[in-house]
Amino acid sequence: MPNRAAKYSSDYLPKERMHSLLLALPAVLKSLLGEHKIIASYGWASNIHGDLHYKPMNDDTRWLQYLIEDSIAQRIVVPGESDFRFEVPESRAEILYCHESDIHLDGSDDELLRRFMATEPFSQLRWYTQEEVERKMSSTSEGH
């Protein structure tokens, strides 16, 4: 079940798909934002000292691909098994590649979120709204 805390959540995805979508992120953000600051952080199940979880790393769209590639190559992040979070400053957009093998989108810039979901390869995903997830979870819990 996608996450009900985020505005949008993808279906659960195979780890290979999570990997390819993670590698696609820098080009998509650059196409949407141009040269722009991005804040990244490692999270749950990242293979790095716990004191470094959730610490903001300032990057930008020009160099983000190297952070992602290096994080995967060093096995700090295992797509579909580790949390890897990216934020457009001022909470405009947050993209979380979740350890549960789905992607969560949140943020205050609804237009940017819509444009992100409409851009290849993310447009190929089924995105659930927070309301859809809530309804599905309510109907599942009523059946038990």
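Me: What's the relative accessible area of lysine 55?
Reply: Lysine 55 comes out at 46%, so it counts as partly exposed. Buried means under 20% relative accessible area, exposed means over 50%, and partly exposed is in between, using a 1.4 Å probe and protein chains only.

Me: Before we go on, what are we looking at here?
Reply: It's a predicted model, where local features need pLDDT of at least 70 and side-chain atom pairs count only at pLDDT 80 or more, while totals for chains, interfaces and linings use all residues. Residues are numbered from 1 along each chain as its sequence is written, and side-chain values use heavy atoms, with hydrogens and water left out.

Me: OK, back to lysine 55. Where does it lie?
Reply: Lysine 55 is in the loop that runs between strand E2 (37–42) and strand E3 (57–60). Helices (H or I, at least four residues) and strands (E, at least two) are DSSP runs, numbered from the N terminus.

Me: And what does lysine 55 touch?
Reply: Not counting residues up to four places away in sequence, lysine 55 touches Ala40 and Ser41. Contact here means heavy atoms within 4.5 Å. Between lysine 55 and alanine 40 there are 8.2 Å, C-alpha to C-alpha, and they sit 15 residues apart in sequence.

Me: What about tyrosine 54, what's its phi?
Reply: Near 65°, which is a positive value in a residue other than glycine. Tyrosine 54 is in the loop between E2 and E3, and at 52% relative accessibility it counts as exposed.

Me: Let's zoom out. How many helices and strands does the protein have?
Reply: Four helices and seven strands. Along the sequence the pattern goes β-α-β-β-α-β-β-β-α-β-α.

Me: And how compact is the protein?
Reply: As compact as a globular protein of that length, because its radius of gyration is 15 Å, close to the 15 Å that the globule rule gives for 144 residues. That radius is taken over C-alpha atoms, and the rule is 2.2 Å times the number of residues to the power 0.38. If you like boxes, the C-alpha atoms fill one of roughly 45 × 35 × 25 Å along the principal axes.

Me: How much of the protein is buried?
Reply: Buried residues are 47% of the 144.

Me: Now the helices. How do H1 and H2 cross?
Reply: Helix H1 (residues 15–33) and helix H2 (residues 64–73) have axes that come within 9 Å and cross at roughly 165°. The axes are lines fitted to C-alpha atoms, for helices over the stretch in contact, and angles run from 0 to 180 degrees between N-to-C directions. H1 and H2 are therefore roughly antiparallel. For the cut-offs, under 35 degrees is roughly parallel, over 145 roughly antiparallel, 65 to 115 roughly perpendicular, and the rest oblique.

Me: Which residues make that contact?
Reply: On H1 they are His19, Leu22, Leu23, Leu25, Pro26 and Leu29, and on H2 they are Leu64, Gln65, Ile68, Glu69 and Ile72. Sorted by class, the contact of H1 with H2 has eight nonpolar, two polar and one charged residues. Ala, Val, Leu, Ile, Met, Phe, Trp, Tyr, Cys and Pro count as nonpolar, Asp, Glu, Lys and Arg as charged, and the others, Gly among them, as polar.

Me: And at what angle do H1 and H3 pack?
Reply: About 130°, with the axes of H1 and helix H3 (residues 110–118) 11 Å apart. That makes H1 oblique to H3. Here Leu25, Val28, Leu29, Leu32 and Leu33 in H1 meet Leu112, Arg115 and Phe116 in H3. This contact divides into seven nonpolar, no polar and one charged.

Me: Last one. Which residues does the cis peptide bond join?
Reply: Glutamate 120 and proline 121, with omega about 0°. Proline 121 is in the loop between H3 and strand E7 (127–129).
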